[in-house]
Amino acid sequence: MTPPTMIYNTHTTTTASDELILRLQSDVQNTEVNFADWDSFKFAPIRESTVSRAMTKRYFEDLDKYTESDVVIVGAGSAGLSAAYVLAKNRPDLKIAIIEASVSPGGGCWLGGQLFSAMVLRKPAQHFLDEIEVAYEDEGDYVVVKHAALFMSTLMSKVLKFPNVKLFNATAVEDLITRRDETTDELRIAGVVTNWTLVALNHDTQSCMDPNTINANVVLSTTGHDGPFGAFSAKRLQSLCPKIKGDSFVLGGMRGLDMNKAEDAIVKGTREVAPGLVIAGMELAEVDGSNRMGPTFGAMALSGVKAAEEVLNVFDLRKKQNETCYGGSLQK
């Protein structure tokens with residue numbers, strides 16, 4: 001039997017009808033590919049300023065819209081994006097801003113260990129793979145995705161399709177916004193202070209490059225273990241905690257690698273560590289002094305899932321506290 005013919009159509013700006021640009025015909029004896037007339041091919045005209053306006057108009061509309069967010073997620077790695085997926089799917093009414101310091105989101109989840117391709121997740125993390133429709137090989141107590149980039153690109157694509165999510169990449173969080181409760185004197189996290197990453201990296205070479213701000217009812221920090229931008233909220237929390245808890249606070253510091261202890265500890269420990277601030281993923285290891293897990297990624301995904309639950313558990317309370325602060329409801 002002759003295989004079915006595959007026809008790809010495209011729309012042009014000059015005609016209302018579909019134009020056939022590629023036709024693939026296959027049969028048992030012959031395979032033939034007929035391309036369009038590329039000699040006469042031409043894109044629709046555009047002025048350079050039109051491109052600039054198309055980009056800047058939408059970006060600044062997003063900045064205006066998300067300057068008051070319901071949830072800010074700091075870090076677009078596997079934990080942060082997993083949390084964003086769960087939050088956006090279950091609460092389409094929430095505005096979720098994701099702040100990522102790198103130009104390319106995804107954190108360290110584009111490869112497995114030591115730059116290898118395959119990605120290992122211990123069970124029961126395969127249920128999250130089923131949810132986002134990523135195929136894997138079942139090896140008994142663990143599963144293997146053929147390439148870590150397949151997991152990350154799929155997850156990122158699904159997150160960015162949600163209409164209530166905006167990713168601001170190449171943007172660094174430089175500080176946390178705080179509020180003091182007039183009744184309890186408790187200090188609460190109420191948003192983030194942001195700047196272009198290239199600016200944040202050059203404060204020592206340039207003078208007075210002031211930041212921007214995003215208010216939020218809950219901040220979820222998933223910036224990974226200690227590094228140039230890693231464990232940011234955990235390290236900032238160390239200086240804020242005397243004001244939050246009334247006593248000194250010392251980071252536990254991430255311990256050596258122990259996969260079996262590390263993954264359980266990260267998922268179980270994912271929580272609101274200070275009012276308005278939830279920490280998940282490997283950043284939590286710096287807070288609690290838990291072990292690192294190395295090249296196994298189940299805890300990253302499931303810590304993100306639990307983080308979304310923790311955010312929703314405290315969201316209404318933190319929203320109410322913020323709405324009564326500074327004389328009224330937030331300006332949406």
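1. The UniProt record, an unreviewed entry, places the feature "binding site" at Ala 79, Glu 100, Ala 101, Gly 108, Val 173, Asp 210, His 225, Met 282, Arg 292, Met 293 and Gly 294. From this set, Ala 79, Glu 100, Ala 101, Gly 108, Val 173, His 225, Met 282, Arg 292, Met 293 and Gly 294 belong to the lining of the largest pocket. UniProt positions follow the numbering used here, feature names are shortened, and annotations may be inferred rather than shown by experiment. A pocket is, on a 1 Å grid over the protein atoms alone, an open set of points where a 1.4 Å probe fits, with protein on both sides within 12 Å along at least five of seven lines, and its lining residues have an atom within 4 Å of a point.

2. On the basis of the model: it is predicted, so that local features need pLDDT of at least 70 and side-chain atom pairs count only at pLDDT 80 or more, while totals for chains, interfaces and linings use all residues. Residues are numbered from 1 along each chain as its sequence is written, and side-chain values use heavy atoms, with hydrogens and water left out.

3. The protein chain has nine helices and 16 strands, where helices (H or I, at least four residues) and strands (E, at least two) are DSSP runs numbered from the N terminus. Of its 332 residues, 43% are buried; buried means under 20% relative accessible area, exposed over 50%, and partly exposed in between, with a 1.4 Å probe and protein chains only. Among contacts between residues at least 6 apart in sequence, 67% join residues at least 24 apart, a contact being heavy atoms within 4.5 Å.

4. Ala 101 sits in the loop between β5 (96-100) and β6 (119-122) and is buried, with a relative accessible area of 19%. Val 173 belongs to strand β10 (residues 171-180) and counts as buried at 9% relative accessibility. Not counting residues up to four places away in sequence, Val 173 touches Val 74, Ile 99, Val 192, Val 193, Thr 194 and Phe 232.

5. The same record, again as an unreviewed entry, gives "modified residue: 2,3-didehydroalanine (Cys)" at Cys 208. Cys 208 lies in the loop between α5 (197-200) and β12 (212-221), and it counts as exposed because its relative accessibility is 69%.

6. Helix α2 (residues 78-90) and helix α4 (residues 148-161) have axes that come within 9 Å and cross at roughly 40°; axes are lines fitted to C-alpha atoms, for helices over the stretch in contact, and angles run from 0 to 180 degrees between N-to-C directions. In this pair, Ser 78, Leu 81, Ser 82, Ala 84 and Tyr 85 of α2 meet Phe 151, Met 152, Leu 155, Met 156, Lys 158 and Val 159 of α4.

7. Val 86, in helix α2, is buried at 16% relative accessibility and, leaving aside neighbours within four places in sequence, is in contact with Phe 128, Val 305 and Ala 308. The C-alpha atoms of Val 86 and Ala 308 are 6.2 Å apart, although 222 residues separate them in sequence. Lys 89, also in helix α2, is partly exposed at 45%, and with the neighbours within four places left aside it is in contact with Glu 131 and Phe 162.
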